[in-house]
Amino acid sequence: MISLHGTVAVGEFARRFSLDVDNEIVGVFGANGTGKTSLLRTIAGLCPLSEGELNVNGAIVDAPAEHTFVQPELRRIGMVFQDHSLFPFMTAVDNAAFPLQMLGMKRIAARKLAIEMMEQFGVANVGQQMATTLSGGQSQRVAIVRALIGSPKAVLLDEPLSAIDEESREGVRNHIREHLVRLGVSAIVVSHDRTELDHLCTRIENYTR
Amino acid sequence: MVSTIWSSVDGVYSLTVTILAKARSLVVVLPIFMAVAGTPVQAERIVAKKVTVTVSAAASLANSYGEIGKQFEKANPTIKVRFNFASSSSLVSQIQSGAPSDVIAAADLTSFDKLLATGNVVKSPQVFARNSMQLVVKPGNPLRISSIADLSKASVVSLCAKTVPCGGYAATVLSRYGVVIPESKITRGVDATATLNAVSTGDADAAIVYTTDASSAKKSVFVIAIPASKNVNASYGIAVIRGSKNSKQAEAFVQFVVSPAGQKVLKTFGFLAP
Amino acid sequence: MNSVSSRTPRFVRLGALLGVAFLALPIIGLLRRVAWSTLWAQLTDVATRDALRISLYASVCATVLALVLGLPLAWCLARMQFAGRRFVRALVLLPMVLPPVVGGVALLGAYGKTNGLLGGVLDSVFGIQLTYSLWGVIIAETFVALPFLVLALEGGLRSIDTKYEESAAVMGATDFTRFIRVTLPLLKPSLVAGLMLAWARALGEFGATITFAGNIQGRTQTAPLAVYTMLESNPEGAYALSFLLVAVSVGVLVGLRDRWIGGGSQ
């Protein structure tokens with residue numbers, strides 16, 4: 001469950017958001033600059049709310065009035081970044097395995113689980129390649145695996161299918177939905193592509209200027 | 001004004017860091033820093049009409065010759081004197097490698113033997129002063145050193161480098177006492193001044209230096225006299241260098257040093273008569 | 001392909017040639033003076049061996065110390081806002097612009113046994129004397145090498161994209177883990193370049209070392225000090241050791257060449 005009612009900093013501006021996501025996949029649709037990415041960054045904990053309250057899975061993680069702010073590393077949120085942000089000095093599989101290692105899993109076991117999940121998303125073959133050598137579609141799939149692998153309490157996806165080619169989109173979409181349903185978590189998907197959201201999400205919120 | 005200084009230094013710093021961040025290589029920055037870190041070059045004023053005489057003199061003559069130079073220039077308004085102070089042994093090397101100097105004043109006569117052998121001076125030097133050695137320690141003599149025989153109490157002793165005259169003299173004194181100081185306790189100064197500084201400003205416990213240097217250090221050191229029976233007689237010599245372009249003026253300087261006027265100055269600084 | 005920017009005018013080429021000659025001639029002149037037949041004998045001479053051993057040990061320790069002190073400093077300068085930031089930056093630049101001997105005198109004022117700010121206490125309370133000791137050499141070398149490292153590290157920290165650290169945080173990496181697993185690998189090029197420069201500077205330090213740590217053969221006489229001391233008494237040995245130092249410097253430059261040209265891992 002994700003519940004945000006408050007003001008988010010969007011560049012130089014501020015924007016009030018009111019959003020409740022309860023065990024569903026909510027799409028956020030809007031043009032660039034409307035604050036969609038800022039919204040996700042705030043939920044992840046990379047920017048604080050200027051006022052209001054943010055609740056993730058029953059815990060208040062951000063409440064300026066009460067001086068409450070939980071660091072992003074403690075929020076157990078999985079996130080697919082718009083530009084993937086894979087670590088350039090690591091291989092694809094090490095990137096995917098990273099969240100598991102942060103949870104304490106040993107390197108070899110983490111890599112094994114990562115490869116299994118990467119197989120589902122069709123990128124197991126590039127596992128040993130450096131992240132910088134991956135194509136756009138490959139790195140996005142690795143980013144998706146990385147976001148879902150650590151059994152997060154909430155998942156945020158920023159344009160998760162933008163680099164995936166037409167034919168594969170449906171397959172990847174289904175896998176994402178499958179995992180989200182299996183994890184039983186709330187998710188927010190941000191996209192400027194209306195049709196993508198229609199296919200992936202249970203509900204869509206419109207945010208225009 | 002202080003804030004302007006900080007701002008400009010900060011500006012240089014920020015610029016460097018920005019360059020490093022953008023260029024990601026130190027090629028660009030290094031030349032800037034080498035330029036900044038280098039010692040500034042002193043601009044020399046070229047005085048057309050005066051003749052400049054360059055005198056290479058032992059470091060222990062720095063104070064006395066400075067005074068002699070002033071008096072000489074006053075008595076000879078057309079001559080300007082420029083000094084080059086260093087250990088006698090490095091002066092010999094410099095002259096043998098062709099350093100442009102007109103006069104050499106060294107703290108021993110062996111230096112002149114070397115220069116005579118290589119033809120850099122043509123006649124024997126004039127002995128213009130004598131010096132002896134003293135033992136100096138920290139003010140108040142905290143280690144209660146009574147003489148050279150006691151030097152084992154010191155953890156660090158400062159001596160001149162072995163090939164520098166004052167280093168040789170110190171070695172002679174030590175051998176007359178039959179004292180051997182392990183090399184691991186000796187810090188070697190490159191010339192007499194550096195050797196003295198190790199005790200006067202640094203942390204060395206004791207040094208064997210010229211009597212004249214010991215007295216010029218005044219309150220910054222405590223002097224323990226070395227009796228004449230164990231002491232050395234350092235003879236200082238002066239000569240005009242062969243090939244000097246101002247040999248007449250150089251000879252005039254040499255004559256001034258041995259004249260009563262020059263001798264008086266040397267005496268005030270503690271040198272003994274030749 | 002003969003575009004305007006890729007054509008090099010003749011006067012530029014001439015200037016560059018002069019530059020190369022200016023730098024190369026002293027090196028060639030030095031190599032000419034080396035007595036190759038006695039080179040090994042000179043380099044294995046006791047005084048030279050001592051000097052090399054001390055130089056190697058002290059310069060490596062100084063580089064490590066510079067890293068320990070310099071990395072936090074670089075971090076704060078790169079990423080923190082605090083009062084007196086300008087002052088700190090000026091302070092970091094200071095050892096670079098100070099003549100090294102002056103640096104040595106300053107170190108005496110702080111760590112000298114007699115009248116040193118801290119040195120007096122160190123001696124009377126702990127019985128520790130930093131002057132005329134190997135630690136004195138290390139301190140003098142660290143003092144002059146630190147700015148190089150801080151500048152390189154701060155430049156590096158500013159150039160890395162924070163998005164990687166952000167994504168690491170979201171993935172669950174706490175501060176220290178983030179630093180070790182993400183920041184340091186990203187910082188590697190600047191770190192390596194900074195370390196090599198700092199080490200080379202420490203190795204070549206003369207003025208501060210001789211003033212603060214003295215010139216004790218076998219204890220504080222580093223290679224540069226040995227060369228200077230040997231210049232009159234044993235010129236052959238001085239040239240031999242100088243040759244070795246030049247060889248080491250060339251080695252550093254060759255090792256740095258990937259950062260030298262092009263820069264960074266991209």
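Tutor: Axes here are lines fitted to C-alpha atoms, for helices over the stretch in contact, and angles run from 0 to 180 degrees between N-to-C directions. Helices (H or I, at least four residues) are DSSP runs, numbered from the N terminus. This is a predicted model, in which local features need pLDDT of at least 70 and side-chain atom pairs count only at pLDDT 80 or more, while totals for chains, interfaces and linings use all residues. Residues are numbered from 1 along each chain as its sequence is written, and chains are lettered from A and ligands numbered from 1 in the order in which they are written.

The pair lies in chain C: helix α3(C), residues 46-79, packs on helix α9(C), residues 175-204, at an angle of about 135 degrees, and the axes are 9 Å apart. The two helices are therefore oblique to each other (under 35 degrees is roughly parallel, over 145 roughly antiparallel, 65 to 115 roughly perpendicular, and the rest oblique). Their crossing is right-handed, the near helix being turned clockwise from the far one by less than a right angle.

From α3(C), the contact (C-beta atoms, placed from the backbone, within 7 Å) takes in C:Ser55, C:Ser59, C:Ala62, C:Thr63, C:Ala66 and C:Leu67. Facing these from α9(C) are C:Leu195, C:Ala198, C:Trp199, C:Ala202 and C:Leu203. By class, eight of the contact residues are nonpolar, three polar and none charged (Ala, Val, Leu, Ile, Met, Phe, Trp, Tyr, Cys and Pro count as nonpolar, Asp, Glu, Lys and Arg as charged, and the others, Gly among them, as polar).

As for chain A, its C-alpha trace spans about 45 × 35 × 30 Å along the principal axes.

Definitions and conventions:
Contact = placed C-beta atoms within 7 Å.
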